[in-house]
Amino acid sequence: MSVVLAFPSAFAPRRALVQAIRGAAGARLKIAFEDEFVVCETGDPVDLALKLESVFGIDRIAIAKRVRNKLEELSDAIGEIGSKTVLPGENFFVKVKADGKHDYAGRDVEFSSSSRLVAKLAEIGAHPAKSEQEANRVILAFAGRKFAYVCIKVSKGPGGLPYGSLGRALCSLHNPLSFLSCSMAVKAGFVPEVILLYSDEDELQANAKLAETLAKKIGNDNAIRIAPISIPRAKGKVAGLVKEAVAAEILIRQPNDRIVLPFTAAVHPLWFIEAIAGKAVAAGNTPYLPAMFADIPDAYAVQQDSTITKSEFQKYDSMIDAAARLSIKKMKKLKVGPNYLHDILDSV
């Protein structure tokens, strides 16, 4: 019988992960726990495995054949699956993980099943590899408490923590870096409450596309807040820093105790990050900075003026305050549906 194995990420809570799996399945399924993974019994394992590839809190997903936990039966199953998945000329490696509670060790199964595969695959020029690293094809199997599982296909999950396991947090979405920060917050287990900011029509369309991408990533058609943002008079790269300050000020003034700040030490001056975070705390917010120490890809980086000092920047304080107040005054809440992008653009 084929089942789906979901391998949780390191700190994913079991209860939250099971809820996420059941939510993604959209149908009834039977769930059992092994030490390293969750076993999902469903009528359509291929469809479920595909759905679980977008569930946060899962590192890997495997479609596997479940057999009785006996050495001979497990070895036969590995031989059967390996003969169907190993391609001509490939080097293969059998890797079996057993919990030590059986009358055999993992290496016993590896030796037995490899011998079967050598005989079956010799005619197509496939040979056993000396190590997992040297193999073109790894046949992975697990010996659980009651059953054993031989993986037919293994795919990668998004990792992180189950979506929503840490509650809600407020995010601004006003450029690619803020989108990356919001995505990181989602992976950390937050549900993002998005405020989309824009300074002109082109930016509205670009940021609306980012919002749509985020919604598809988390499978969530939800309410979104939209507001125009007026950049105070500032020239050159300083304008970017001023815009970040206005966006942060808008978040700080919302009735929400958790806010996500899209700041990173690789891009923003440290004094700026500390000043905004301190202001958030003083206002009763808890600021989260998921991108703070991350390696930021060039596509997400924004140029700021790293030479401007804190004292020099203070001359923009009153302008930042006025701009934030104006944006909040013009802010509107929008319920978006399947036509996500068009719903946003048509609302302005």
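## Cysteines and a helix pair

The sulfur of cysteine 40 lies 13 Å from the closest cysteine sulfur, in cysteine 151, which is too far for a bond. This is a predicted model, where local features need pLDDT of at least 70, side-chain atom pairs count only at pLDDT 80 or more, and totals for chains, interfaces and linings use all residues. Residues are numbered from 1 along each chain as its sequence is written, and side-chain values use heavy atoms, with hydrogens and water left out.

**Exercise 1.** Work out how many disulfides the structure holds.

*Solution.* 
- Start with the rule: a disulfide is a pair of cysteine sulfur atoms within 2.5 Å.
- The count for this structure is zero.
- Now try cysteine 182: its nearest cysteine sulfur, in cysteine 171, is 3.4 Å away, and cysteine 182 is in no disulfide.

**Exercise 2.** Decide whether cysteine 182 is buried or exposed.

*Solution.* 
- Buried means under 20% relative accessible area, exposed means over 50%, and partly exposed is in between (1.4 Å probe, protein chains only).
- Cysteine 182 has 2% relative accessibility, so it's buried.
- Cysteine 40 is buried too, at 0%.

**Exercise 3.** Describe how helix α1 (residues 14-25) meets helix α2 (residues 45-52).

*Solution.* 
- Helices here are DSSP runs (H or I, at least four residues), numbered from the N terminus.
- The two axes, lines fitted to C-alpha atoms over the stretch in contact, come within 9 Å and cross at roughly 120°.
- For contact (heavy atoms within 4.5 Å), Ile21, Ala24 and Ala25 in α1 meet Leu48, Lys51 and Leu52 in α2.

Definitions and conventions:
Axes are lines fitted to C-alpha atoms, for helices over the stretch in contact, and angles run from 0 to 180 degrees between N-to-C directions. Helices (H or I, at least four residues) and strands (E, at least two) are DSSP runs, numbered from the N terminus.
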